[in-house]
Amino acid sequence: MAFAVFLSLLLVSSCHQPQVTSGSRVLRIQAGVGLTGRSSNNTLAMVPQNGNDDECDRVMNISAADRCAFVKSTPDCSMEDGFINYLHVAFCLLPPNLTPLTITLCIIWLLFLFVILGLTASKFFCPNLSAISTSLHLTHNVAGVTFLALGNGAPDIFSAVAAFSHPHTAGLAVGALFGAGIFVTTVVAGGVALVKPFAVASRPFLRDVIFYMVAVFWTFVMLFRGTTTLGETLGYLSLYVVYVLIVIISAYIYNRQKHSVNTSARSVAHFPEFHSSDSSDDDVPCLTGGTMPEYESEYRPLLPYSESTSQILLSSLNPVDNRKWRRKSWSWRVLKLLKTPLEVLLLLCIPVVDPDKEDKNWRRPLNCLHLITAPLMCVLIFQSGIYGEYMIQGQFPLWLLTLLLGLFLSSIVFCTTTNDCPPRYHPLFALLGFVVSAVLISAAASEVVSLLHMLGVVLSLSNTVLGLTLLAWGNSIGDCFSDITIARQGYPRMAISACFGGIIFNMLFGVGLGCLVQMLKTHSYVQFESEGLLTWILAGSLGLSLVLSFVIVPLCRFHLGRAYGIFLLVFYVIFLVIALLTEFGKIFIV
């Protein structure tokens, strides 16, 4: 992949040049009230804590033989989040002359973590959210801008919250959210316009761009002021509530207008303008899967056939569709084979409810097994596994109690249900699957953040540039392929609505929840600290791309053609070149 080549080049270059520290922290907790975080010359205050904020970043300035001892003896290098201390892995696992090999293995592990994030979100988290919204009888508009938006943006949001949890990695959140915003609104939207030129719906496009510009400007103000309060954070989150209300109200007004114009339109599947107008958020499904629904009624057996319990269990754990396997390319088959062991493991631990199927995806033996494995998985991976060793009153392990309770519930469900008919409480399995997949995504996101922080230390890169490149690309590449695939299949309006609708949710909840969680943990304000010119280039580029789209698209009468797509791609390339030149010190302020 592109970011793997990018990392390899940086690794080679970092081994042959003098090492410098990798930039300063972006967030710290401000204990006290009334501090503005800004000095008299309108620059962000860079106030160190105890004089050793970036002590671990200095590991590359010492000799290779002493780096392992430095990492072990420096408290600043001990990462609380994550199962693995990647700084220990980088400097202590293998001899110093094999550090490039260690970094290469870590990059492969990073790719695997991105696969975990993508599979969990697309195959488990998002379908269960859809099932929950169906069980709650939510309208398509409400579900599209709440549950489905959360399903699409889960990796970005959990990565941002995980990054905000530690001062050294907060720059990853800022860089990833802004970087993903630029990537989606330029590369993804430009790719859609190149693949399938079309006329975008005017009102939803202007609505989404305006709200996203407000969110970006509000984030820029918080970065510029250097601090945010609890009230401001709650107001920041409430902006999305206002967005949801406007979507619902505008869809209601549009439906009323459509009904008044022609009541016979009820029998029509949908208006061309309706799907991409004020109710375009209906068209923001879980796009990470990238496939449209398949109707398999012709494959149903003519005579009734009942599988045994063991056959149901084995077929439920098979992630490969034989019909799809035969018509797919060899590259898809190779990738599927590589992902199959992970998919089987996830199928063992996470239940999925599908309201579109006749049996709601009820698999009695597997669902009973989920009552054992799902809670146990939550205990073992929640908060980086700290509850896996927890002893109740110092005598009874928590994981054993969870196992026993799971066995008890599983036995009751197995004895009171049948293979053919799902029980009335089957929708509760969607809630269980949602919780387990959310915990897994959070754990994987914490590992990604910790691993990227280590790469930033080793390669002498700031967290912001790692966020706007690796983390942003990793979290957005699935949306890129999915949106372009949907555009190829003739749904470009659906794809473009997903581009702008999802990133509004990611920006507001990624920053808002990250700050709110830290305030609740520390009972103090959150103060941001700038990483210099790169942060302002990042915010300014995202704002400029939105303003240009806000001006150019109406001038083109809301027709997105190939020229507009090429313009967006060129804009992203220019931004990326400027950002990297700034990171390497080629562009600076005198």
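Modeller: A contact means heavy atoms within 4.5 Å of each other. By that rule, T373 touches L348 and C349, leaving aside residues up to four places away in sequence. The model is a predicted one: local features need pLDDT of at least 70, side-chain atom pairs count only at pLDDT 80 or more, and totals for chains, interfaces and linings use all residues. Residues are numbered from 1 along each chain as its sequence is written, and side-chain values use heavy atoms, with hydrogens and water left out.

T373 sits in helix α14. Helices (H or I, at least four residues) and strands (E, at least two) are DSSP runs, numbered from the N terminus. With a relative accessible area of 19%, T373 is buried; that word means under 20% relative accessible area, while exposed means over 50% and partly exposed is in between (1.4 Å probe, protein chains only).

The loop between α13 (330–349) and α14 (364–381) contains N361. The phi of N361 is near 65°, a positive value in a residue other than glycine. N361 counts as buried because its relative accessibility is 15%.

At 17% relative accessibility, F558 counts as buried.

Helix α16 is worth a separate paragraph. It covers residues 427–459, and its 33 residues should span 48 Å at 1.5 Å a residue; the end C-alpha atoms are 48 Å apart, which agrees. The expected span is 1.5 Å times one less than the number of residues in the helix. Of the 33 residues of α16, 26 are buried, so the helix is largely enclosed by the rest of the structure. S460 follows α16 and has a positive phi, near 55°.

As for the whole chain, the protein has 20 helices and seven strands. Of its 590 residues, 51% are buried. Among contacts between residues at least 6 apart in sequence, 80% join residues at least 24 apart. The accessible surface comes to about 27,400 Å², and 66% of it belongs to carbon and sulfur atoms. Accessible areas come from the Shrake-Rupley method with a 1.4 Å probe, and for residues only the protein chains shown count as cover.
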